[in-house]
Amino acid sequence: MNTLQINNLSKTYPNGVRALNNINLEITNGMFGLLGANGAGKSSLMRTIASLQEPTSGSISFNKSDIIKKPEHIRQCLGYLPQEFGVYPKISAEKLLNHLAVLKGILDKNQRKKQVTALLKQVNLYQHRKKAVYTFSGGMRQRFGIAQALLGNPQIIIVDEPTAGLDPEESNRFLNLLSEIGENVIVILSTHIVEDVRNLCPKMAILSNGEIISEGNPKDLVASIEGKIWTKIIPKNDIEVYKNTFDVISTKLVAGDTQIRILSNKKPEKDFQLITPNLEDFYFASLFNNQTKKA
Ligand SMILES: Nc1ncnc2c1ncn2[C@@H]1O[C@H](COP(=O)(O)OP(=O)(O)OP(=O)(O)O)[C@@H](O)[C@H]1O
């Protein structure tokens, strides 16, 4: 069993932005979803775990080895697909993956060829192996990205916002690929897409303004708000009135009408309907509770 242990981790950038604020997490084998809005601090946390930047304070260990003092340990067993993969040179996907394999320390030529071929097949890019990656579509690039992250059989794989910008079919394809990686490694999926976490991750945490505000199994978290989420269709202009009166966690346009969802232990008033909550409701309820706690 692999264990990533994060204790009291904080990161303040030189410009004064406090991106991470006292994070504590223990992550073991399987898919772990890190959910948060843009700017919540997900990439800051992913980059710090990948030892690409140092925290301001706190500690991270991977299988009991301190990765801030000894970053080479996690680098050897890490596969990382960053949010921005960067510029691709004008060489074929096969050559680029081979080159990245050398950088990863796979020096035996035969072993390297075997692994590059197997990975290109696994991510369904084998038939496109002679094409340059910069000519690939967004989805193909992300699949190439996961192939490079899997080089060298990593024990911990970090994917940062991998489906942002992909169409639904490519997104599905990518997530299926991710779910096949296996249960014997840690996979951290950082995303703002609630559905992705619900479908894939048995464990998750919500990050907001650099803090972990909820953590657990998605089903258990949703069960904790069972019987507390109420909905009503209201005129668009009344939103502010309802917000001032009730704990409105979200508003949504449904077929041109405005639907509000409210967090309440009992029926807020007549015409409200109790609904079976989903993970998105839990996410919004967490953000709402956290904001009101701070206000
Ligand atoms: N290198 C940096 N220097 C200064 N501030 C930064 C730096 N990187 C991130 N930030 C700031 O830290 C905060 C968290 O950013 P981060 O990129 O970690 O969030 P995120 O959840 O990954 O969001 P997104 O999905 O939009 O990238 C933001 O306020 C951002 O502007």
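Predicted model: local features only at pLDDT ≥ 70, side-chain atom pairs only at ≥ 80, totals over all residues.
Residues are numbered from 1 along each chain as its sequence is written.

Which residues of α4 are buried? They are Q115, V116, L119 and L120. Here a residue is buried if 20 or more other C-beta atoms lie within 10 Å of its own, exposed if 12 or fewer, and partly exposed in between, with C-beta atoms placed from the backbone. Looking down the axis of α4, the buried residues fall within an arc of 130°, so they line one face of the helix; the arc is that of the directions from the helix axis to the C-beta atoms. Just after α4 comes N124, with a positive phi of about 65°.

What do the buried residues of α4 pack against? The partners are α3 (93–103) and α5 (138–149), a contact being two residues whose C-beta atoms, placed from the backbone, lie within 7 Å. Helix α5 itself has 12 residues and reaches 16 Å from first C-alpha to last, close to the 16 Å expected at 1.5 Å a residue. Its buried residues are Q142, R143, F144, G145, I146, A147, Q148 and A149. Their cover includes β6 (78–81), α3, α4, β7 (156–160) and α6 (168–179).

Zooming out, the chain has 10 helices and 14 strands. Its C-alpha trace spans about 70 × 40 × 35 Å along the principal axes. Of its 295 residues, 35% count as buried. Among contacts with a separation of 6 or more, 68% come from residues 24 or more positions apart.

The domain assignment, which is automatic or from a database, gives domain 1 (3–216) and domain 2 (223–294). Their centres, taken over C-alpha atoms, are 34 Å apart. Eight residues from domain 1 and six from domain 2 make up the contact. On the domain 1 side, α7 (194–200), β9 (203–208) and β10 (211–216) each give two or more residues, and α7 has the largest share with three. By class, that side has five nonpolar, two polar and one charged residues. Ala, Val, Leu, Ile, Met, Phe, Trp, Tyr, Cys and Pro count as nonpolar, Asp, Glu, Lys and Arg as charged, and the others, Gly among them, as polar.

Now for the ligand. Around it sit 13 residues, of which Y13, N38, K42, S43 and S44 come nearest; a residue is near if its C-beta atom, placed from the backbone, lies within 6 Å. Helix α1 (residues 42–49) gives the largest share of this shell, three residues. The shell divides into four nonpolar, seven polar and two charged residues.

Finally, T12 lies in strand β1 (residues 3–12). T12 counts as partly exposed because it has 15 C-beta neighbours inside 10 Å. Leaving aside neighbours within four places in sequence, T12 is in contact with V17, R18 and T56. T12 and G227 are 215 residues apart in sequence and 40 Å apart in space, C-alpha to C-alpha.

Technical notes: Helix = DSSP H or I, 4+ residues; strand = E, 2+ residues; numbered from the N terminus. Expected span 1.5 Å × (residues − 1).
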